[in-house]
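Have a look at the sequence and the fold before reading on.

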Amino acid sequence: MQIHSTIASLRAALAGAGRVAFVPTMGNLHEGHIALMRQAGPLGDCVVASLFVNRLQFGPKEDFDTYPRTFEADCAKMAAAGVAHLFAPDEREMYPAPQAYHVQPDPVQADILEGEFRPGFFRGVATVVMKLFSIVQPQVAVFGKKDYQQLMVIRNMVRELNLPIGIVPGETVRAEDGLALSSRNGYLSTAERAEAPRLHRALDAVRQAIRAGERDLARLEQGAMAELRASGWIPQYVAVRKQLDLQLPAAHDSGLVVLGAALLGSTRLIDNLEV
C-alpha cells in the first residue's frame, strides 16, 4: 500500500490506474470500515482510502481534539484489506486557505434528525467529501449505512451535481450482541458497553411492530424513547422515516427506516434499521 500525504503524489500515482473505488474514513478503523474496503475491492481496478479527521463537521463542543487517531494500526488494517493507495493529508494540505466555499445540502434533508442535534454537520461532511471526490476522482465510492442520513446526503449531492460517481451502500457491521460498530464505542465504560445494545433492541422492536402491521408510528417512537430513558439513556430521537429522503411517511408508505440517537453517559450512539 502506498501512503500519500499530498494531492500531487496521489494524483500522480493514480494516473492510468484504471477504475478507482474509494472509501473515505476518519481513521480509528474497526471491522465496519474494513468491510467497506473489502466491498470496494471488486468494484474497481484499485481501492483508494482516505484518512482525514475533518474539522468542518465537528461542532464547537464536540470531540475533534480527542477523536482517536490510530494511524499506524489503521495503515496495517487497510493494507490487509487490499487498499492500494491511502490518502492521508494534514489540514494544511486539505485546507490551504480558510474554506470560504461550502456545499450546503438541502435543509429539508440535512437539518432534521442528525442535523437538528449537530448543526452544520452535513455542510461539513458534504464539503469535505466533495473535495475528496475532486482529489481522488473515483468512479465508485462506498459509504456505510450505519450513517444513514450521511449516505442519503452524499447520494443526493452526487445526483444533483451530476458527478460521475456511483455511490454504493455498505451494510452495518454489528457485534454479536447487536451493537453497531463505531469508533465512538471506545468511549464506553465496561458497564456502558454492556448496556449499549439496548438502542439496537429498541429500534428492532419498532421495526418488528411495523412489520406486524402497527401504523401508529408516533406511539412506537415515543415508546422506544421512554424505554431508553427508563434505562438511564438520554434519547435525542427515535424516528420512522422514508428510506429515500428521510421525510415523514404517509399512512401506507413502504420502504421505511427506523433511526435513533441517544446519549449513554457522555457517549452519543446512533443506529438504524431498515423495515
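Predicted model: local features only at pLDDT ≥ 70, side-chain atom pairs only at ≥ 80, totals over all residues.

Residues are numbered from 1 along each chain as its sequence is written, and side-chain values use heavy atoms, with hydrogens and water left out.

## Salt bridges

Let's begin with charges. Side chains of opposite charge can pair when their charged atoms come close. Here, a salt bridge is a side-chain nitrogen of Lys or Arg within 4 Å of a carboxyl oxygen of Asp or Glu. A search of the whole structure turns up 14 of them. The table lists some of these pairs.

| Pair | N to O distance |
|---|---|
| E62 and R118 | 2.8 Å |
| R174 and D271 | 2.8 Å |
| D204 and R207 | 2.8 Å |

Take the salt bridge between E62 and R118, at 2.8 Å from N to O. E62 sits in the loop between β3 (46–51) and α3 (71–80), while R118 sits in the loop between α6 (114–117) and α7, so this pair ties together parts that are 56 residues apart in sequence. E62 has 30% relative accessibility and so counts as partly exposed, whereas R118, at 10%, counts as buried.

Next comes the salt bridge between the side chains of R174 and D271. R174 is in the loop between β6 (166–170) and α9 (190–195) and D271 is in strand β9 (residues 267–274), so the pair ties together parts that are 97 residues apart in sequence. R174 is partly exposed, at 24% relative accessibility, and D271 is buried, with a relative accessible area of 5%.

How far apart in helix α10 are D204 and R207? They are 3 residues apart, about one turn of the helix, and both belong to α10 (residues 198–211). D204 is partly exposed, with a relative accessible area of 22%, while R207 is buried, at 16%.

There is also a network of salt bridges that links K145, E171 and E274. E171 is in the loop between β6 and α9 and is exposed, with a relative accessible area of 57%.

## Two helices crossing

Now for a pair of helices. The axes of α1 (residues 7–14) and α7 (residues 121–136) come within 9 Å and cross at roughly 50°. Axes are lines fitted to C-alpha atoms, for helices over the stretch in contact, and angles run from 0 to 180 degrees between N-to-C directions. The two helices α1 and α7 are therefore oblique to each other; angles under 35 degrees count as roughly parallel, over 145 as roughly antiparallel, 65 to 115 as roughly perpendicular and the rest as oblique. Contact (heavy atoms within 4.5 Å) is made by I7, L10, R11 and L14 on the α1 side and by S134, I135 and V136 on the α7 side.

## A few residues up close

Q150 belongs to helix α8 (residues 148–160) and counts as buried at 17% relative accessibility. Not counting residues up to four places away in sequence, Q150 touches F121, F122, V125 and F143.

E114 lies in helix α6. Buried or exposed? E114 is buried, with a relative accessible area of 7%. Leaving aside neighbours within four places in sequence, E114 is in contact with F122, Q149, Y237, A261, R268 and I270.

Q139 is in the loop between α7 and β5 (140–144), and with a relative accessible area of 30% it is partly exposed.

Finally, M1, I3 and F71 form a nonpolar patch on the surface, with about 270 Å² of accessible area together. Patches are made of residues with over 30% relative accessible area and no salt bridge, with like charges joined within 9 Å and nonpolar side chains (Val, Leu, Ile, Met, Phe, Trp, Tyr) within 5 Å. Accessible areas come from the Shrake-Rupley method with a 1.4 Å probe, and for residues only the protein chains shown count as cover. M1 lies in the segment before β1 (2–4) and counts as partly exposed at 38% relative accessibility.

Notes: Helix = DSSP H or I, 4+ residues; strand = E, 2+ residues; numbered from the N terminus. Buried < 20%, exposed > 50% of the residue type's maximum accessible area, 1.4 Å probe, protein only.
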